[in-house]
Amino acid sequence: MSMPFSVLAETFEKLERVTARTQMLLYLVELFKKTPPEIIDKVVYFIQGKLWPDWKGLPELGIGEKMLIKAASIALHVSEKQIEQLVKKLGDTGKAIEMIKREKQQKQKAVGLLAFMQKPSGGESTLTVEKVYDTLARIALVQGEGSRDIKLKLLAGLLAEASPREAKYIARFVEGRLRLGVGDATIMEALAVVYGGSAAMRSVVERAYNLRADLGMVAKILATQGIDALKNIKPEVGVPIRPMLAERLNDPVEIIKKLGGRALVEYKYDGERAQIHKKGDKIWIFSRRLENITHMYPDVVEMAKKGIKAEEAIVEGEIVAIDPETGEFRPFQVLMHRRRKKDVHAVLSEIPVAVFLFDTLYVNGEDLTLKPLPARHEVLEKIIEQSDTWRIAEGIVTSDPQELESFFLKAIEDGAEGVMAKAIHDRSIYQAGARGWLWIKYKRDYKSEMSDTVDLVVIGAFYGKGRRGGKFGALLMAAYDPDTDTFKSVCKVGSGFTDEDLERLDDMLKPYISDKKPARVDSQMKPDVWVEPTLVAEIIGAELTLSPIHTCCYGWVKSGAGISIRFPRFIRWRPDKGPEDATTTKELYEMYKRQLRRIKEEEAPTGV
Ligand code: ATP
């Protein structure tokens, strides 16, 4: 069974014209109904704008704008210069290719060169989804000598065969600029409607996706084997599980209460989260964003091979940079510095690391994610052979807020960021992919009224003034709202950047600049340029305030106002976070409420 690629291109065009999620959902449902189950994975990957999940670590297409134009010039029989000129005018290679192709087709029709019209559907292409996918996959995978020419030939062939509209989307896909604005949540809902019978089945699809972070694979199991197969899905070694995340609180009494009176309290190490998979001698390491970072940590690979005493296992821990002399923790930035180095082996001894393990999710065929934390911890202790640099996280079990507080202070003294308090009752499962109250982080105060930093997504940028004229000097930042799958503006941040940060800003933003407001962005403030929600930065400010212009939590506290940050300052980039990992609108709302409570307590007259 196959499906014409034109069906997909038509849906893309429709999706591009709308921004309302409900409408996007309808278009996806319509598309999935037409899609043969065997190719649903490919269709899902196309919508996600990728050939396969990033964590697979497979090569990307490796085609830049220049090569795309060259391929188009071969396919369309026009000079590269001509295409380049049109691209300059339109600012969009895909559109330029579409226009040239359409013009040519019309001309041919006009002069009666009807050969192409003998094709079915009067000049439309006969490309199928499989053919386009398989050809693009071949382009990505071909390597070595002569690969450039092969890539070029394959791409030119596709563009020649495509209809004008199809060529536009193939070009955009190749450039990594498909940007349909459809989030995973909407794709999952559409899958649930079509194959699960109702939107209510989205939770089943979501759980499967949380256990196996490959939406194409999940869609295929669902479409070919049905919803029951998805209900029974287990983690698979080598396929990352989406991480469980914590809520935050800064009051030990409240923390203990929230966790049901008793908790496991561990150091919150300030490093990089690592999900480590082992199968025999093979090790995979996945980051918090599920990138395959195995090659960045050859030392951790060795530790895991020796230190996991199970044939098959998935464990989680934090990788921390340590001082080779003293063994003390070093800041997160040091680790990121190591991550940026091309030759990891050269810095292994300069920036050694230690791993602190805190969970195990799967061992020898058994899915542990639905087991309570104490049971998982017991397995962890059994399968981990500890050494100086491969340890189980420091922790205590307590029901006493005071003991929690002193452990917190000890953690800070030892260079940790604070503590993670975790529920240990019967329902303390591993909530893959969710931020919930089973884990609560209690972090060091950053010595400011705003007691914690937030991680916000860049959605726009403003040009600087004076010395910075013509270059970006401030950013429009947004929080993530998972309920509507949108990014809502919180503040404009223009301070806290070092000169070096500012120098890099133009280059960093360039690939994500958009000529219109990106689909999932909700903002009344209009920046000089819009930016596709991609980059995440850590921000602190004097306090949270109400603002009539920002759309975060609009109307939640007071009608006509949203929540914003007063005197926001940039602290650092968070390359380890994706846009959907940013602080959520709900979290900001909770922070605002806590701040209000604090102010009220401080203002309350004493002795009453
Ligand atoms: P933050 O922005 O505070 O670093 P986050 O948003 O990345 O956190 P959270 O769920 O808020 O993620 O906090 C949990 C993070 O803390 C984990 O992703 C992990 O990297 C880190 N961490 C450090 N020590 C532990 C621990 N003992 N248990 C669980 N997570 C830990």
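Author: Before we start: a salt bridge here is a side-chain nitrogen of Lys or Arg within 4 Å of a carboxyl oxygen of Asp or Glu. Also, this is a predicted model.

Reader: Ok, so how far apart are the closest N and O atoms of Arg435 and Glu587?

Author: They are 3.7 Å apart. The cut-off is 4 Å, so Arg435 and Glu587 form a salt bridge.

Reader: And how many salt bridges does the rule find across the interface of domain 2 and domain 3?

Author: Three. The rule also gives three residue pairs in polar contact across that interface.

Reader: Back up a bit, what domains does the protein chain have?

Author: The assignment gives domain 1 at 50-175, domain 2 at 245-443 and domain 3 at 454-601. The C-alpha centres of domain 2 and domain 3 are 29 Å apart. Their contact takes eleven residues from domain 2 and twelve from domain 3.

Reader: How much area is buried between domain 2 and domain 3?

Author: About 1,200 Å², with carbon and sulfur atoms giving 42% of it.

Reader: Which residues in domain 2 lose the most area to domain 3?

Author: Arg248, Arg288 and Arg289, which together make up 45% of what the domain 2 side buries.

Reader: What about classes, what's on the side of domain 2 that touches domain 3?

Author: Seven charged residues, three nonpolar and one polar.

Reader: And which elements give two or more residues to that side?

Author: Those are β1 (245-248) and α16 (332-340). Of the elements there, α16 gives the most, with three residues.

Key: Residues numbered from 1 in each chain as written. Predicted model: local features only at pLDDT ≥ 70, side-chain atom pairs only at ≥ 80, totals over all residues. Heavy atoms only, no water. Domains from an automatic or database assignment. Contact = heavy atoms within 4.5 Å. Buried area = accessible area lost by both parts, 1.4 Å probe. Polar contact = N/O pair within 3.5 Å; in protein donor to acceptor, adjacent residues only side chain to side chain. Helix = DSSP H or I, 4+ residues; strand = E, 2+ residues; numbered from the N terminus. Nonpolar A, V, L, I, M, F, W, Y, C, P; charged D, E, K, R; others polar.
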